[in-house]
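Hi everyone, thanks for making time today. Let me put the model up on the screen, and then we can walk through some of its salt bridges and surfaces together.

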Amino acid sequence: MADPGPDDALFVNEVRGGDQKAFEAFYRRHEAVVYRTALALVRDEMTAEEVVTDTFLRAHAARERLDPARSPVPWLQRIAVNLSLNHLRRRRLGIEALPEVAAWPDEAATVPEAAAERRETTAALARGIERLPAQMRAVVVLRFVHDASLAEIAETLECPVGTVKSRLHNALRLLRDDLRRDFETAQPGTQPLAAPDLGEMGESIG
Amino acid sequence: MTGWPDLARFILGRRAGGDPADECAIHRPRLAELVDERALGGTQADDAATTAALDHLWACAECQHEIADLLLVVAGLQRLGGTVNRLEPPPGGWRRLSRRLAAPRPRGALRLRVAGLVVVPILAALLVAPALVRDLGTSAAGAVDAATRDAATVAVPVAVTHAAALQRAFDIGDGAQADPAAQAVEVVPRGPLPDGIEPDGSAFLPGVAVPPMPAVIPQ
């Protein structure tokens, strides 16, 4: 998650005062973080852009509530997550159309040396994330896209740390089961998952 | 474990080198925690339970399979997260936002507010109408007191009067159907709404002439 910079407090004070230039700087500073959260959750570029605009519109309307002593990122993330989850809810209810193209990036396009198997695993995981319950998906996105800590995720989602922990735990198991099913369907009776290096796990405790 | 025999088997099993299934049951939770810790990017605890769990992991193919799959998920998510994290938002975001910031409030929101101003009093009136009607509308033995009815017609809002008429129809029955002309409700013109909008509907259709409301609404 983006660290609060030394001039964040100054920004926030000016934004609270209604300075349009300061709000533009505030937007440019945090736009990418909000966009990535929205994109990872809604998996559609246009919807993600919409979420970014709506997030900052709401932030502008409620700028009085900004606290100069704290980073505005969790607050912005919370708005973006809520708006994204609203989009997902509307999609589930059929009010909003499903995007035809998945917006999880194709790893092969960004990492040319990626092996086909890795690509397949990543694609299967992306599909699995889509099937996760919305709140679990939010935890996974904040953790793995923004590298947010348990406390940061809890602050963003306004829930206890224990809840975040259990959501992450359950999400990993659901994704694991999903991945197994996915590969089992593709290649019945095989054990296709290439085991990661377990040695790494032992090494880190010395 | 369900009781003493299980506990005894567990202790004996541990002394005798351990039943693999029991060993798995003992170490699996700690191994699962290790995966969660890995997923959270934390450092693993260097304690006896962790060491024992990792020792077991090296010797147990089943646990390796279990844990390896979870680690694969964690590694895949980290890779996926890293890829998303390199994405930049498309240009033009600020232009779009500043246009929205400069734009007046959407008309839809205004309409909803005006609709709220109209609907809420009507709903409130409909809720209190039955009680009001019982007090005002009927006098002795179910007969309609015309004077009361007239007073109600003048004093209470349109919706209340309408609800009162419905209530009377239920209370009085077929024989006492009132004369429709007598039930005419006089509409008292209201002043502008708090936000300065004249309540004639013209705010919704700028440039379109809206016919004035009739002074008397036949019921």
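B:Glu33 is partly exposed, with 42% relative accessibility; buried here means under 20% relative accessible area, exposed over 50%, and partly exposed in between, with a 1.4 Å probe and protein chains only. Its partner in a salt bridge is B:Arg30, at 2.6 Å from N to O, where a salt bridge is a side-chain nitrogen of Lys or Arg within 4 Å of a carboxyl oxygen of Asp or Glu. B:Arg30 is buried, at 11% relative accessible area. Both residues sit in helix H2 of chain B, three residues apart, about one turn of the helix. Helices are DSSP runs of H or I with at least four residues, strands are runs of E with at least two, and both are numbered from the N terminus. As a reminder, an α-helix has 3.6 residues a turn, so residues three or four places apart point the same way.

Two words on ground rules. This is a predicted model, where local features need pLDDT of at least 70 and side-chain atom pairs count only at pLDDT 80 or more, while totals for chains, interfaces and linings use all residues. Residues are numbered from 1 along each chain as its sequence is written, chains are lettered from A and ligands numbered from 1 in the order in which they are written, and side-chain values use heavy atoms, leaving out hydrogens and water.

Now, across the chains. Which residue of chain A pairs with B:Asp36 in a salt bridge? The partner is A:Arg173, with the closest N and O atoms 3.1 Å apart. B:Asp36 lies in helix H2 (residues 20–39) of chain B and A:Arg173 in helix H9 of chain A, so the pair joins two chains. B:Asp36 counts as buried at 11%, and A:Arg173 is buried at 13%. Setting aside residues up to four places away in sequence, A:Arg173 touches B:Ala32, B:Asp36 and B:Leu70; contact means heavy atoms within 4.5 Å.

Another pair is A:Arg36 with B:Glu88, at 2.9 Å from N to O. This one also crosses between chains, from helix H2 (residues 20–42) of chain A to the loop between helix H4 (61–85) and helix H5 (93–102) of chain B. Is each end buried or exposed? A:Arg36 is buried at 10%, whereas B:Glu88 is exposed at 55%.

There is a network too: A:Arg176, A:Asp177, A:Arg180, B:Glu66 and B:Asp69 are linked by salt bridges.

On to the interface itself. The contact takes 48 residues from chain B and 53 from chain A. Together the chains bury about 4900 Å², 68% of it on carbon and sulfur atoms; buried area is the accessible area, with a 1.4 Å probe, that two parts lose on being put together, summed over both. On the chain B side, B:Leu40, B:Arg79 and B:Trp94 lose the most area to chain A, together 14% of what that side buries.

Finally, chain B as a whole. Chain B has eight helices and two strands, in the order α-α-α-α-α-α-α-α-β-β along the sequence. Of its 219 residues, 28% are buried. Thanks, and I'm happy to take questions.
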